[in-house]
Amino acid sequence: MTTPTTSLPVYDSARRPPRPIEELQQVFRYRFLILQLLRRDVLTRYKRSVLGIAWTFLNPLGTMLVMTVAFSQVFGSMPGYPAYILSGLMAWTFFAQSTTAAIVNLVWGGGLLHRIYIPRTSFALAAIGTALVNLSLAVLPILVVMLVVGVPVSWTVIFLPVPMLLLALFSLGVGLLLSSFAVYFPDVSEMYQIILSAWMYLTPIFYSEEILPALYRPLITGLNPLYGFIRLYRLPLYYGQIPTWGDIWPSLLIAVVTVTVGWIFFSLKADEMAYRI
Amino acid sequence: MEPLIQLEHVSVHYRAPSERVATFKEYAIRRLQGKIKHREFLALKDVNLTINQGEVFGLIGHNGAGKSTLLKVVSRVLLPTTGRVVIRGRVAPLLEVGAGFHPELTGHENIFLNGAILGFTRTQMENKFQSILDFSELGEFIDAPMRTYSSGMWARLGFAVATDERPDILIVDEVLAVGDEAFQRKCFARINRFREEGTTILLVAHNMELIQQMCQRAAWLHHGELKSLGEPDEVIQAYRQAQ
């Protein structure tokens, strides 16, 4: 009746694989959990609101309207200005939402981590997944807006999954790094909101980088990693062009380095976090 | 036969700053001034403990004596600061009522969410769904959001999910107060069945009679130290004399 003890899985705190690898193995084992957390976040976010899931569309549309009204006199000379804003805004919203959620989920949802073992990266992964679902849903209203304002919808939109994946990796890395700090310093999440709003103005979302004085332009295009990602969204969507390898590789490099550093840093700190959360 | 739970020289060392330093700036300034003081707190001190298959093991001690910390070490939530832990088999903690449930989701959806938290896959949960539903006695309520449930219904569903499959190690961190008396009997019957089939049960309780009735061995933790280990009667006696 009883299972022979030799056939049972063994956990030995003295013989664990390197943490970043162990975390990967556990994430694979707990993949159903990450899917369930994602599902929970998507389903419950708007569950009690009257308009429900429609908010996923209405949110970016509303922000786009505000920006169009606010900035069209200044920057609105480009064709299909609302579509220009939306194509950048969708990438920005994804980044801001998913990284914020990664921090909040870990710091406030940590109660579960006190009681039962689950991979510590589950919350950040679910946050990225949730934002990806929202982002995919947001593509549809953008296409509608493009048709309305007369920007041609090109077949190149099928290229969109590439920047989506790259930005997801980058956001995961940033989210993991920030949440490792936020566990120790709760102020991080407040500070991050301020940084985000400054960062948004430093990113060509509602203006084009061409209006920047030539002297400062390299600061934005060269130092702001989000510039490259947003460009990768705009090229196939707004400009109807397939990005060249030259457009892709800097963002690819940034994404891979950030997610690797974030993953290693977070999983090395994860054992200590349980003492803090 | 190898023991299911082995703790070798396990210490858990909380090192909290004596004042909450909540900003980078403050931290950096104090660090430079050498003013970061830490309050050292040993939640567990050099604990050695071996628990075998099929044993029902009781833990007693004051609040803050380290019982919950020990359970966290066993359930892999906390890595000991020093020492070694070896655990064989699947550990199932009986979660506090409601942890892991979302009130806006239906009972049905929560069964899958909670099962995933316990480490099961989709296929496993699909196979277990019917027996969980039957045990919880929720009937057609299963498709209503859990915020409409009574506290008894929450507890029943939680217990049903956590114990649907026999774990190798079951952790019970509070007296089982699950629903009405009839349901409690059902829970105890299930736990007894697990014990007969070889599950190791780690029980924390303030109720000494429960420890005497259920456990073969017990341990008394006092300020993180293992003061006494052995027959429940002896351990309880030692604990009471010290008061």
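## A quick tour of a predicted two-chain model

For the complex, the predictor reports an ipTM of 0.85 and a pTM of 0.88.

- β7(B) runs parallel to β3(B), and four bridges join the two. Here B:Leu59 sits opposite B:Val204 of β7(B).
- Strand β6 (residues 169-172) of chain B also pairs with β7(B) in the parallel sense, again over four bridges. In this pairing, B:Leu170 has B:Ile201 as its bridge partner.

- Look for B:Gly58, whose bridge partner in β8(B) is B:Ala218.
- Next, β8(B) is joined by five bridges to strand β9 (residues 225-230) of chain B, and these two run antiparallel. B:Ala218 turns up here too, this time with B:Gly230 as its bridge partner in β9(B).
- β8(B) and β9(B) make a hairpin with two residues between them, and B:His223 in the turn has a positive phi of about 45°.

**The nonpolar core**

- The largest nonpolar core has 136 residues, and B:Ile171 and B:Leu203 touch the most other members.
- Helix α4 (residues 81-108) of chain A supplies the largest share of this core, with 15 residues.
- From chain B, the core draws at least three residues from each of domain 1 (5-92 + 204-241) and domain 2 (95-162).
- Leaving aside residues up to four places away in sequence, B:Leu203 touches B:Val56, B:Phe57, B:Gly58, B:Leu59, B:Val172, B:Met214 and B:Cys215.
- As background, nonpolar side chains tend to be buried together in soluble globular proteins.

**Where the chains meet**

- The contact takes 35 residues from chain A and 39 residues from chain B.
- On the chain A side, the elements giving two or more residues are β1 (10-12), α2 (31-45) and α5 (111-115). The largest share, six residues, comes from α2(A).
- Sorted by class, that side of chain A has 19 nonpolar, nine polar and seven charged residues.
- A strand pairing crosses between the chains: three bridges join β1(A) to strand β4 (residues 82-88) of chain B, and the two run antiparallel. A:Asp12 has B:Val86 as its bridge partner in β4(B).

**One exposed residue**

- A:Gln25 is found in helix α1 (residues 19-29) of chain A.
- Is A:Gln25 buried or exposed? A:Gln25 counts as exposed because it has 11 other C-beta atoms within 10 Å, and the cut-off for exposed is 12 or fewer.
- A:Gln25 and A:Val148 are 123 residues apart in sequence and 47 Å apart in space, going from C-alpha to C-alpha.

**How confident is the predictor?**

- Chain B averages a pLDDT of 87, and 88% of its residues score at least 70.
- Within chain B, confidence is lowest in helix α1 (residues 24-33), at a mean of 70, and highest in helix α4 (residues 122-136), at 95.
- Where pLDDT is low, the predicted coordinates should not be read in detail.

Technical notes:
Residues numbered from 1 in each chain as written. Chains lettered and ligands numbered in written order. Predicted model: local features only at pLDDT ≥ 70, side-chain atom pairs only at ≥ 80, totals over all residues. Core = buried A, V, L, I, M, F, W, Y, C linked by C-beta atoms within 7 Å. Buried ≥ 20, exposed ≤ 12 C-beta atoms within 10 Å, placed from the backbone. Domains from an automatic or database assignment. Contact = placed C-beta atoms within 7 Å. pLDDT = per-residue confidence, 0-100. Nonpolar A, V, L, I, M, F, W, Y, C, P; charged D, E, K, R; others polar. Pairing = 2+ DSSP bridges.
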